[in-house]
Amino acid sequence: VFLQWFAHPTSHTSVMSRGVFQPIGQKRLTNVAVVRYKKGGVRFEIACYKNKVLNWRNGIETDLDEVVQTTSVFSNVSKGVFASQEDLQRVFGTTDQVEIVKIILQKGELQVSDKERELEYATLFKDVVSIVVDKCVNPETQRPYPAGIIERTLKELHFAVDPKKTAKQQAMEAIPSIQKVFPIERAKMRLKMALPKALHKQFRELLSAENAQVERESATDEGTAFTVLIDPGSFRKFDSFVHKQSDRKGKLEVLSLAVVQEGVSDVHVVEKGLESLQLKQTGNLEARKTGQHTTTEGVKVTTSTGSKGSAGKRCATCGAIFEDAGKYREHFKGDWHKHNLKRKMKGLPPISEEEVENDPLLQEEKQEYGIF
């Protein structure tokens, strides 16, 4: 054995070295979901567990350790590069990484694959539709609209969901848009309140100011019990009145979060509203051929007309038509086209060249990269 080792010392050494395991000073992150946040021209990333980020944003998960794999803030998670203390202090005004992680969790963008993103958007859109159906009624019949009608209307309106906002918040934002197509309103809440007689005058003033309706009124040993229908947006005012003005002598009970009648609302008025919306959109498409059109958002775009009678070339993103080939090519290099591409990626409709400067999306980008 000694002679064999002496004759081939390197081969035996390599065999022996393969059996020695050295400790690795590296933390391996597996099953990682990256949340990215850009601000001040700097990129920050945190490593999270999959399916936990949305639970944190929706308030389902409150334990930070169950959401993030580490409270360290990276500039690149995949390469293991940490963000510098100088950048953290300059952008966030603090170097407390736990607080910074919470900010990134709330405002950052979850990095997912295309299929995962499509599924996330589809699920969120269905949640928005479900909330609108549950919380809204036809003001004439007090009956809810079918989910298919709400879904179709939102698609006709090109309503785009935002993964950074909750489904309820976006449902409340969608209602004013739907009201432009057909009548719809938040379903009333039914409350039961017991108040001392000394507060009756103030209470009736509040009822009048909030356009609330008294369904039932009955005398009690300590005062009067009221059963009222109120708009959900007025609940805080009534709750504050009962607990503060009555010096906690009054009582408030929620009998129903959404008062609706049985059955489904008539869809004829909905079909009429959708037909009107589609005619408007069709009219815009026809008007584009003449060199001036109005988008579904009321945006006017004027394009030049040629002298040769050709149909011209149309930008599918911006909707503008160009007779001159040179201007058509230059258009794709301009800020207007690039900005509408960003809007298209976020599911937003195109805007005119004049409206680009005042677009909220552009303002968000300027703040994100520290451009003022």
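Where does histidine 158 lie? Histidine 158 is placed in the loop between H7 and helix H8 (167-179), where helices (H or I, at least four residues) and strands (E, at least two) are DSSP runs numbered from the N terminus. The structure is a predicted model, in which local features need pLDDT of at least 70 and side-chain atom pairs count only at pLDDT 80 or more, while totals for chains, interfaces and linings use all residues. Residues are numbered from 1 along each chain as its sequence is written, and side-chain values use heavy atoms, with hydrogens and water left out.

Histidine 158 has a positive phi of about 60 degrees although it is not a glycine. Most residues other than glycine have a negative phi. With a relative accessibility of 40%, histidine 158 counts as partly exposed, a class that falls between buried (under 20% relative accessible area) and exposed (over 50%), computed with a 1.4 Å probe and protein chains only. A positive phi is also found at glutamine 142, where the value is near 60 degrees, again in a residue other than glycine. Glutamine 142 belongs to the loop between strand S6 (136-137) and H7, and its relative accessibility of 22% makes it partly exposed.

The structure holds 12 salt bridges, each being a side-chain nitrogen of Lys or Arg within 4 Å of a carboxyl oxygen of Asp or Glu. One of them joins the side chains of glutamate 151 and lysine 155, at 3.2 Å from N to O. These two residues are 4 residues apart in helix H7 (residues 147-156), and are therefore separated by about one helical turn. Glutamate 151 is partly exposed, with a relative accessible area of 28%, whereas lysine 155, at 52%, is exposed. A salt bridge is also formed between the side chains of glutamate 99 and lysine 102, with an N to O distance of 4.0 Å. Both glutamate 99 and lysine 102 lie in helix H5 (residues 97-107), where a spacing of 3 residues again corresponds to about one turn of the helix. Glutamate 99 is partly exposed at 38% relative accessibility, and lysine 102 is likewise partly exposed, with a relative accessible area of 33%. An α-helix has 3.6 residues a turn, so residues three or four places apart point the same way.

Because arginine 190 lies in strand S8 (residues 189-195) and glutamate 215 in strand S9 (residues 213-219), the pair ties together parts that are 25 residues apart in sequence. Arginine 190 counts as partly exposed at 24% relative accessibility, as does glutamate 215 at 36%.

In helix H9 (residues 200-209), the buried residues are His200, Phe203, Leu206 and Leu207. Seen down the axis of H9, these residues fall within an arc of 120 degrees, so they line one face of the helix; the arc is that of the directions from the helix axis to the C-beta atoms. Lys201, Ser208 and Ala209 are exposed on the other side of H9. Leucine 207, in helix H9, counts as buried at 5% relative accessibility. Although 21 residues separate leucine 207 from valine 228 in sequence, the two are 8.9 Å apart in space, C-alpha to C-alpha. Another pair is formed by isoleucine 131 and alanine 167, which are 36 residues apart in sequence and 7.7 Å apart in space, C-alpha to C-alpha. Isoleucine 131 is part of helix H6 (residues 114-135) and is buried, with a relative accessible area of 17%.

On the surface, Asp335, Glu353, Glu354 and Glu355 gather in a patch of negative charge. Patches are made of residues with over 30% relative accessible area and no salt bridge, like charges being joined within 9 Å and nonpolar side chains (Val, Leu, Ile, Met, Phe, Trp, Tyr) within 5 Å. Lys and Arg count as positive and Asp and Glu as negative, without His and the chain ends, and the place of a charge is taken as NZ of Lys, CZ of Arg, CG of Asp or CD of Glu. Accessible areas come from the Shrake-Rupley method with a 1.4 Å probe, and for residues only the protein chains shown count as cover. Aspartate 335 lies in helix H13 (residues 335-345) and, at 61% relative accessibility, counts as exposed.
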